[in-house]
Structures are given as C-alpha cells and as structure tokens.
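Me: I am new to reading protein models. Please take me through one part of this one slowly, and then show me what lies around that part.

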Amino acid sequence: MKREDIKPCIVCDKGVAHDNNLMFFKVKITRFVIDARAIQSQAGLETMLGSASLAQVMGPDEDLAIEVGEGDEALISMSCIGTRIDEIMGNVSDKEK
Ligand SMILES: [Zn+2]
C-alpha cells in the first residue's frame, strides 16, 4: 500500500496507526438488496420438492440478493475495529476452507 492509499481511519478519523499498533484493516462495504421474488420462487420450489438441497440442485440457482453500487473501501485502525476481530477473522478463514 502506497502513501497515497493510506487514508485516516473511517471510524475515528485519526491516522490508522494512531494507537501505535502497526496493524490496521481495509474493509469493503458492499450493499445488497434482497430479491423477494427470487426468494419466494426458491421457497416455493423447496416446499414443492420438500428439500432445500434438492431445490438448489433442481432450481435455476438465482441470486437471492442483488449487489447495489460498487461498494466502498475504507481503512479501520486496530483500536477501532475492536476486540472481536481475531474471532471474526477466524470465522472467515474457517468458512473459506
Ligand atoms: Zn480508528
């Protein structure tokens, strides 16, 4: 990350290392809107087939939520991201396996 890419923490508006912690986070905020019609269609198929997993295989596998906009990236300092980040990152890496 180059100097020009390092912006203030989005939460506290201070430098990302203001707390003397050398680690900080870059997060991407992506907005989604639920597609109610696709969910109703999926739920109907699940009811008809009696199985969510069977409906997933047999159905059109539509997106149930639609991404809105391009999303925003922001930096967050270690002190602002809180004490649960190790737990959150552990959950993320567990689900990627
Ligand atoms: Zn901060």
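**A loop and its surroundings**

Reply: Start with Asp-61, which sits in the loop between helix 2 (52-58) and strand 2 (65-77). Keep in mind that this is a predicted model. The phi of Asp-61 is positive, near 55°, and the residue is not a glycine. Is Asp-61 buried or exposed? Count the other C-beta atoms within 10 Å: there are 10. A residue with 12 or fewer is exposed, so Asp-61 is exposed.

Now go to Asn-20, in the segment before strand 1. Asn-20 is not a glycine either, yet its phi is positive, about 65°. It has 7 other C-beta atoms within 10 Å, so it is exposed.

Next comes strand 1, residues 24-34, which holds Lys-26. Lys-26 has 13 other C-beta atoms within 10 Å, so it counts as partly exposed. Which residues does Lys-26 touch, beyond its neighbours within four places in sequence? They are Glu-73 and Leu-75. Ser-77 is 51 residues away from Lys-26 along the chain, but their C-alpha atoms are separated by 9.0 Å.

Last, look at helix 1, residues 36-49. It has 14 residues, and at 1.5 Å a residue it should span 20 Å. After helix 1 comes Gly-50, with a positive phi near 75°.

Conventions. Residues numbered from 1 in each chain as written. Predicted model: local features only at pLDDT ≥ 70, side-chain atom pairs only at ≥ 80, totals over all residues. Helix = DSSP H or I, 4+ residues; strand = E, 2+ residues; numbered from the N terminus. Buried ≥ 20, exposed ≤ 12 C-beta atoms within 10 Å, placed from the backbone. Contact = placed C-beta atoms within 7 Å. Expected span 1.5 Å × (residues − 1).
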